[in-house]
Every structure is written in C-alpha cells, then in structure tokens.
Amino acid sequence: MDIKSMKNYLYWLYCQFELITCSYLMEPWEKLLFYTFNIAMLVTVLYTAYTFVSGHLSTAFQFFWDSFGNQHENTVSIVK
C-alpha cells in the first residue's frame, strides 16, 4: 500500500467518523471541545485499564494456578 492510498484511506476514515458523530455540523470551536472531551475520556479509560486490569488479571491467574495447578495437601492429612 503506497502513501497516497494510505492518506486517502485515513481521510475516508475521518470523514466516516465525522458522519457517524455528526461533528461535520459543528462549528470549529465546538469541534475542538468535542474532540478534547472525547480524547480525554479515551485517555482516562486506557490509563484505568492499564493500571487496574493488569492487577486483576494477575490475581485471577494466581487464583486459577493455585486452584488447578498445584494443589496443596490438607494440613489434617499431614498430621495423621
């Protein structure tokens, strides 16, 4: 894929985005506020996912590893 077709494709995606969000009807200052708010929300969601999901996945993997992988013997059976 050459540069010109990539540029046309990205422009087409941008036009589709404007059509879906109806932002082509907005004035420039409204677009600025709209895009700033959307980018801020996207960054917040990505940061939260990066921060908290990794911890939850680590805890879940540890739980499943302990549950199914290496089961510890019961302490009562060791005493007998």
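How many residues does helix 1 have, and what does it reach from its first C-alpha to its last?

## Helix 1

Helix 1 covers residues 3-21, which makes 19 residues, and it reaches 27 Å between its first and last C-alpha. That is close to the 27 Å expected at 1.5 Å a residue, where the expected span is 1.5 Å times one less than the number of residues. Helices here are DSSP runs (H or I, at least four residues), numbered from the N terminus.

## The model and its confidence

This is a predicted model, in which local features need pLDDT of at least 70 and side-chain atom pairs count only at pLDDT 80 or more, while totals for chains, interfaces and linings use all residues. Residues are numbered from 1 along each chain as its sequence is written, and side-chain values use heavy atoms, with hydrogens and water left out.

The chain has a mean pLDDT (the predictor's confidence in each residue, from 0 to 100) of 86, and 84% of its residues reach 70 or more. Confidence is highest in helix 1, at 93, and lowest in helix 3 (residues 75-79), at a mean of 55. Where pLDDT is low, the predicted coordinates should not be read in detail.

## The cysteines

Just after helix 1 comes Cys-22, in the loop between helix 1 and helix 2 (28-69). Cys-22 is not a glycine, yet its phi is positive, at about 60°.

Cys-22 is partly exposed, with a relative accessible area of 39%, and Cys-15 is partly exposed at 24%. Partly exposed lies between buried (under 20%) and exposed (over 50%), with a 1.4 Å probe and protein chains only. The structure holds zero disulfides, a disulfide being a pair of cysteine sulfur atoms within 2.5 Å.

Notes: Helices (H or I, at least four residues) and strands (E, at least two) are DSSP runs, numbered from the N terminus.
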